[in-house]
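Here is my note on the model, as numbered points. Please keep the coordinates open while reading.

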Amino acid sequence: MFKKGHHMTKTERTHPSTVINIHSDSTVPDHVVWSLFNTLFFNWCCLGFVAYAYSVKSRDRKMVGDVVGAQAYASTAKCLNICALVISILFFVATIVIIVLNIAAIAQAIPR
């Protein structure tokens, strides 16, 4: 659409131009750092390692150009990372509570 008062040049009349904008959403997060962190510190039932494997697969798919495959692997890695993190936090909290309760029981059992 041309505005009022705009005159087309000879080139514009003979060679019309079309602009196509392609939005590339190739910025799929692969969660490799989070998976590596879970592998090293919160490796509950090897969920961190499995998440790391899916993260690497996601990065490989992204490098090939398969955005849908990369998103699928990244989504699986994210779910595994969340599960590993939640289970590990619950495990550590339960361990601390058990230790505190045992220390309190031992302190009460000592005669004064």
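Where is His 31 found? The first point answers this.

1. **His 31.** His 31 is found in the loop between α1 and α2. His 31 is not a glycine, yet its phi is positive, at about 60°. His 31 counts as buried because its relative accessibility is 19%. The classes are these: buried is under 20% relative accessible area, exposed is over 50%, and partly exposed lies in between, with a 1.4 Å probe and protein chains only.

2. **Basis of the values.** This is a predicted model, in which local features need pLDDT of at least 70 and side-chain atom pairs count only at pLDDT 80 or more, while totals for chains, interfaces and linings use all residues. Residues are numbered from 1 along each chain as its sequence is written, and side-chain values use heavy atoms, with hydrogens and water left out.

3. **Overall fold.** The protein has four helices and zero strands. Along the sequence the pattern reads α-α-α-α. Helices (H or I, at least four residues) and strands (E, at least two) are DSSP runs, numbered from the N terminus. Of the 112 residues in the protein, 19% are buried.

4. **Salt bridges, count and rule.** The rule asks for a side-chain nitrogen of Lys or Arg within 4 Å of a carboxyl oxygen of Asp or Glu. By this rule there are three salt bridges.

5. **Arg 59 and Asp 30.** These two form a salt bridge, with the closest N and O atoms 2.7 Å apart. The pair links distant parts of the chain, 29 residues apart. Arg 59 is in helix α3 (residues 47–64), and Asp 30 is in the loop between α1 (10–14) and α2 (32–40). Arg 59 has 41%, so it is partly exposed.

6. **Lys 62 and Asp 30.** A salt bridge also joins the side chains of Lys 62 and Asp 30, at 3.9 Å from N to O. Here too the pair links distant parts of the chain: Lys 62 sits in helix α3, Asp 30 in the loop between α1 and α2, and 32 residues separate them. Lys 62 is partly exposed, because its relative accessibility is 29%.

7. **Arg 61 and Asp 66.** The side chains of Arg 61 and Asp 66 meet in a salt bridge at 3.5 Å, N to O. Arg 61 is partly exposed at 30% relative accessible area. Asp 66 is partly exposed at 29%. As for networks, salt bridges that share partners join Asp 30, Arg 59 and Lys 62 into one.

8. **Aromatic pairs.** The structure holds three aromatic pairs. One of them is Phe 37 with Phe 41, tilted, at 5.0 Å centre to centre and 50° between the planes. Rings of Phe, Tyr and Trp (its six-membered ring) pair if their centres lie within 6.5 Å; planes under 30 degrees apart are stacked, over 60 edge-to-face, and the rest tilted. Phe 37 lies in helix α2. Phe 37 is partly exposed at 39% relative accessibility, whereas Phe 41 is exposed at 53%.

9. **Nonpolar patch.** Which residues form a nonpolar patch on the surface? Leu 36, Phe 37, Leu 40 and Phe 41 do, with about 420 Å² of accessible area together. Patch members have over 30% relative accessible area and no salt bridge; like charges are joined within 9 Å, nonpolar side chains (Val, Leu, Ile, Met, Phe, Trp, Tyr) within 5 Å. Areas come from the Shrake-Rupley method with a 1.4 Å probe, and for residues only the protein chains shown count as cover.

10. **Ser 55.** Ser 55 lies in helix α3. Ser 55 is buried, with a relative accessible area of 0%. Ser 55 and Leu 36 are 19 residues apart in sequence, and their C-alpha atoms are 9.2 Å apart.

11. **Charge over a ring.** The charged end of Lys 57 sits over the ring of Tyr 54, 5.4 Å from its centre. The test is NZ of Lys or CZ of Arg within 6 Å of the ring centre and within 35 degrees of the ring normal.

12. **Cysteines.** The structure holds zero disulfides, the cut-off being a pair of cysteine sulfur atoms within 2.5 Å. Cys 79 is in no disulfide; the nearest cysteine sulfur, that of Cys 83, is 6.7 Å away. Cys 79 is partly exposed, with a relative accessible area of 46%. Cys 46 is also partly exposed, at 44% relative accessibility.
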